[in-house]
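Here is a short report on one protein model. It covers salt bridges, a pocket and a surface patch.

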Amino acid sequence: MTLESIRQQLKNSPQLKKLVDFFVMNQTETRPRCYIRMLAPLYQHRGRGSVIHASVRMDTPPYRRFSLGNHSVIESFSCINNAVGDVIIGDYTRVGLHNTVIGPVSIGSHVNLAQGITVTALNHNFDDAGKRIDEQGISTQQVTIEDDVWIGANAVILPGVTVGRHSVVAAGAVVTKDVQPYTLVAGVPAKTIKSLK
């Protein structure tokens, strides 16, 4: 039985997933239990020459994929969370100091994320005014950052966004819509400033 077939079984059986989730995830801290974190090097994919600094919080349960490409770096005090969706990071990519990445997220190769960036594919549901927000669950929309992208400090990339190749997101931008390839975007919400062709 492969890891992928186990993931598929969990996906198809909500009761089994709930049971496994209880043993894997600390329900109060919403992160993998310490004995699961100790096993992380056995189920995470870390490419040749890649570095994850010791202070990085790796909330990566084994029933989702985490992959870090060759010669990529996740710098100090970042948080990587694949509990609700896979996190895939390409080759020669740098996740800067104090970044937060919440899957499902795909980050390409030769990407530079500066400091304090949030990339999140997760939203809390809040439409039912008769229920507390924490009772309404979550929704996810894939975030994709293509190859050769630079994202400036303190930018926020929101669920469902694709950042096209060879584009630049200015510092402090809040990206709510797709960024076309070869463009510079800035502002809140982010708007196209100029073409980079």
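## A buried aspartate and its partners

D59 counts as buried because its relative accessibility is 2%, and buried means under 20% relative accessible area, exposed over 50%, partly exposed in between (1.4 Å probe, protein chains only). The model is predicted: local features need pLDDT of at least 70, side-chain atom pairs count only at pLDDT 80 or more, and totals for chains, interfaces and linings use all residues. Residues are numbered from 1 along each chain as its sequence is written, and side-chain values use heavy atoms, with hydrogens and water left out.

D59 pairs with R57 in a salt bridge, N to O 2.8 Å. A salt bridge here is a side-chain nitrogen of Lys or Arg within 4 Å of a carboxyl oxygen of Asp or Glu. R57 is partly exposed, at 33% relative accessible area. D59 also bridges to R31, with the closest N and O atoms 3.3 Å apart. That pair links distant parts of the chain: D59 sits in strand β5 (residues 57-59) and R31 in strand β2 (residues 31-32), 28 residues apart. Strands are DSSP runs of E, at least two residues; helices are runs of H or I, at least four; both are numbered from the N terminus. R31 is buried as well. Together, R31, R57 and D59 form a salt-bridge network.

R94 lies in strand β10 (residues 94-95), E75 in the loop between β7 (73-74) and β8 (79-81), 19 residues away. R94 is partly exposed, at 37% relative accessibility. E75 is buried, at 16%.

## The largest pocket

The largest pocket has a volume of about 730 Å³. A pocket is an open set of points on a 1 Å grid where a 1.4 Å probe fits, with protein on both sides within 12 Å along at least five of seven lines; lining residues have an atom within 4 Å of a point. Its lining has 22 residues, and K17, Y63, R64, A83 and V84 lie nearest the centre. α1 gives the largest share, five residues.

## A nonpolar surface patch

L16, L19, F22, F23, Y35 and M38 form a nonpolar patch, with about 640 Å² of accessible area together. Patch residues have over 30% relative accessible area and no salt bridge, and nonpolar side chains are joined within 5 Å. α2 supplies the largest share, four residues. L16 lies in helix α2 and is partly exposed, at 35%.

Methods. Grid points are joined across faces, edges and corners, and a volume is the space filled by probe spheres set on the points. Patches are made of residues with over 30% relative accessible area and no salt bridge: like charges are joined within 9 Å, nonpolar side chains (Val, Leu, Ile, Met, Phe, Trp, Tyr) within 5 Å. Accessible areas come from the Shrake-Rupley method with a 1.4 Å probe; for residues, only the protein chains shown count as cover.
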